[in-house]
Amino acid sequence: MTTSLPYPAGAATVFSSDQKILNALRSSRSVFLGRNVRGGVHSLPPSSSSSSSIQAVSTPEAAKATTKRSKVEIIKEKSNFIRYPLNEELLTEAPNVNESAVQLIKFHGSYQQYNREERGGRSYSFMLRTKNPSGKVPNQLYLTMDDLADEFGIGTLRLTTRQTFQLHGVLKHNLKTVMSSIIRNMGSTLGACGDLNRNVLAPAAPYARKDYLFAQETADNVAALLSPQSGFYYDMWVDGERFMTAEPPEVVQARNDNSHETNFVDSPEPIYGTQFLPRKFKIAVTVPTDNSVDLLTNDIGLVVVSDENGEPQGFNIYVGGGMGRTHRMESTFARIAEPLGYVPKEDILYAVKAIVVTQREHGRRDDRKYSRMKYLLSSWGIEKFRDVVEQYYGKKFEASRDLPEWEFKSYLGWHEQGDGAWFCGLHVDSGRVGGNMKKTLREVIEKYKLDVRITPNQNIVLCDIKSEWKRPITTVLAQAGLLQPEFVDPLNQTAMACPAFPLCPLAITEAERGIPSILKRVRAMFEKVGLEYDESVVVRVTGCPNGCARPYMAEVGLVGDGPNSYQVWLGGTPNQTQIARAFMDKVKIHDLEKVFEPLFYNWKLGRQAKESFGEFTTRMGFEKLKELIDSYEGSPNN
């Protein structure tokens with residue numbers, strides 16, 4: 001039996017002007033999950049659909065077509081809105097769930113994993129990821145996560161590059177206990193993974209400034225707008241009981257608005273339908289100059305635009321960023337977002353919804369390697385993309401407003417909030433909170449009843465601290481190794497790594513466990529060639545090419561491409577506005593000095609005024625850099 005889903009009027013085949021992309025996309029007639037405004041689109045019972053084809057029934061007979069879909073699309077269709085067969089698999093005695101349930105549990109905020117270093121069988125566990133718009137973590141939730149890590153996890157919490165927690169090592173029979181505990185203590189994991197909008201980033205700094213507050217409010221509203229509505233999450237983990245705060249009326253109005261045929265009528269998921277999005281979707285909100293969120297790496301980037309009195313007026317919108325790629329497949333690539341236009345603040349939710357619906361309708365669903373929105377932008381071009389989004393938005397975008405230069409802001413150290421209180425940003429290597437650090441953070445956060453925020457650089461911010469608390473808090477934290485930024489190596493302050501081994505199933509080589517020694521070796525090279533301690537480069541390491549730690553924006557990106565081997569990327573900038581390029585493949589970990597010592601030496605020798613390492617490598621060009629490596633005879637400082 002086939003499932004009949006309508007194509008929107010004017011559905012067109014997606015082609016690319018670039019031949020490489022064209023070849024990759026040549027079978028790319030998109031699977032459009034359109035709106036049936038007369039009758040709606042409904043899911044079928046799990047047993048009633050056995051075909052992978054979609055029949056277009058709202059177009060003329062001549063236009064009907066059968067389009068290939070990926071396996072995950074079939075799983076979503078048959079799942080009764082992300083329930084089946086996960087609901088049954090969770091009841092079995094097996095320590096794991098089947099392939100279909102593995103895909104569905106992602107929407108609930110979890111990945112199935114096993115320790116890849118164990119021999120003689122697989123020890124399955126689950127990683128849970130929370131959803132915290134702007135990285136906000138209430139005191140009660142932090143204490144709950146801390147407890148859960150000890151009782152049901154591996155004794156550590158991990159702060160992620162998308163301002164969330166990851167809790168590793170949860171066994172299947174404990175999943176409901178852990179999930180329900182998070183839900184009942186002001187948290188959620190809904191939509192932290194899966195083919196839908198992920199956690200919405202915003203600056204973690206709790207400044208009492210109109211633009212920062214508005215950016216964080218917008219992040220909350222966008223997250224609410226794009227949160228699933230069909231109840232599958234609460235049905236699974238708290239027996240259908242809802243734990244939701246009242247939504248702002250503007251969010252409800254924007255979600256329900258169908259004046260431009262964006263919604264599935266009478267569906268439990270008015271924006272997502274049965275199929276949700278083709279792939280994950282990422283959004284960030286920020287204010288001018290503050291690029292703490294890696295704005296251009298997101299599917300949508302929103303920048304608050306204020307008037308001369310500091311009153312927010314609207315948003316510049318960027319679209320089409322994304323980091324994931326596949327080694328040796330040039331048709332896959334990392335991409336930075338580009339300007340789409342400006343909208344007044346009262347229209348932002350409608351504009352975001354229009355962009356999401358454009359990706360929902362036109363993003364590829366046959367091959368998941370090409371399903372991110374960046375490929376749609378690359379194949380259509382920004383002009384066509386804007387035209388289609390405007391049809392769903394119902395208005396023309398205005399010209400983007402001029403903005404100042406971007407800066408990376410870490411928010412480490414002590415800062416005044418502007419409301420009489422202080423906040424303190426603490427560096428956490430690779431976001432891993434464990435041991436004495438975890439114990440001390442717990443004591444401080446519990447004693448002073450502090451809320452916290454997680455930064456997109458895997459660090460933590462303690463909020464709302466009274467002046468008289470600063471000295472005792474600083475002393476206690478320092479004793480646990482949580483130092484003020486002047487005592488943290490500048491290389492460490494900007495570095496990031498993904499977890500990789502032993503639990504990530506995609507890892508090819510080390511990242512989190514390898515980056516401490518890599519940074520020490522980089523510092524030793526700096527000293528050898530005569531670079532000062534306060535000089536730094538942005539180093540990011542990932543165990544595979546999927547780009548979780550955003551290595552393609554780094555000045556030095558190391559991307560795992562084999563055992564103890566990395567693909568080297570160069571050319572990103574300290575403010576994360578320029579994408580790097582692949583420089584060398586298969587560089588063994590023990591050969592890093594052979595590549596980087598000559599480059600650091602020549603950067604010191606030949607850089608222009610205030611020229612960063614990334615800017616230097618771009619100006620010199622890769623051919624020249626390789627000549628410098630080949631001809632290097634050692635630093636005279638040695």
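Helices here are DSSP runs of H or I with at least four residues, numbered from the N terminus. I keep that in mind as I read this predicted model.

**Entry: Arg242**

I looked up where Arg242 sits. The residue lies in the loop between helix H8 (232-237) and helix H9 (249-256).

Is Arg242 buried, exposed or partly exposed? I found a relative accessible area of 44%. Buried means under 20% and exposed means over 50%, so a value in between counts as partly exposed. Arg242 is therefore partly exposed.

Next I checked its contacts. Leaving out residues up to four places away in sequence, Arg242 touches Gln229, Ser230, Gly231 and Tyr234.

I also compared Arg242 with Arg184. They are 58 residues apart in sequence. In space, their C-alpha atoms are 9.7 Å apart.

**Entry: the sheet**

I then turned to a sheet. Four strands form it, in the order S8-S9-S10-S11. The sheet is open and its pairing is mixed. Which strands are at the edges? I noted strand S8 (283-286) and strand S11 (338-344), each pairing on one side only. On average, neighbouring strands are turned by 20° against each other, direction ignored.

I looked at one pair in detail. S8 and strand S9 (residues 300-306) run parallel and are joined by four bridges. I picked out Ala284, whose bridge partner in S9 is Gly301.

**Entry: helices on the sheet**

Which strands does helix H7 (residues 210-225) touch? I found S8, S9 and strand S10 (312-319). The direction of H7 makes about 145° with that of S9.

Helix H12 (residues 382-393) also packs on the sheet, and I saw that it touches S10 and S11. The direction of H12 makes about 25° with that of S11.

How values were computed: Residues numbered from 1 in each chain as written. Predicted model: local features only at pLDDT ≥ 70, side-chain atom pairs only at ≥ 80, totals over all residues. Heavy atoms only, no water. Pairing = 2+ DSSP bridges. Helix = DSSP H or I, 4+ residues; strand = E, 2+ residues; numbered from the N terminus. Axes fitted to C-alpha atoms, helices over the stretch in contact; angles between N-to-C directions. Contact = heavy atoms within 4.5 Å. Buried < 20%, exposed > 50% of the residue type's maximum accessible area, 1.4 Å probe, protein only.
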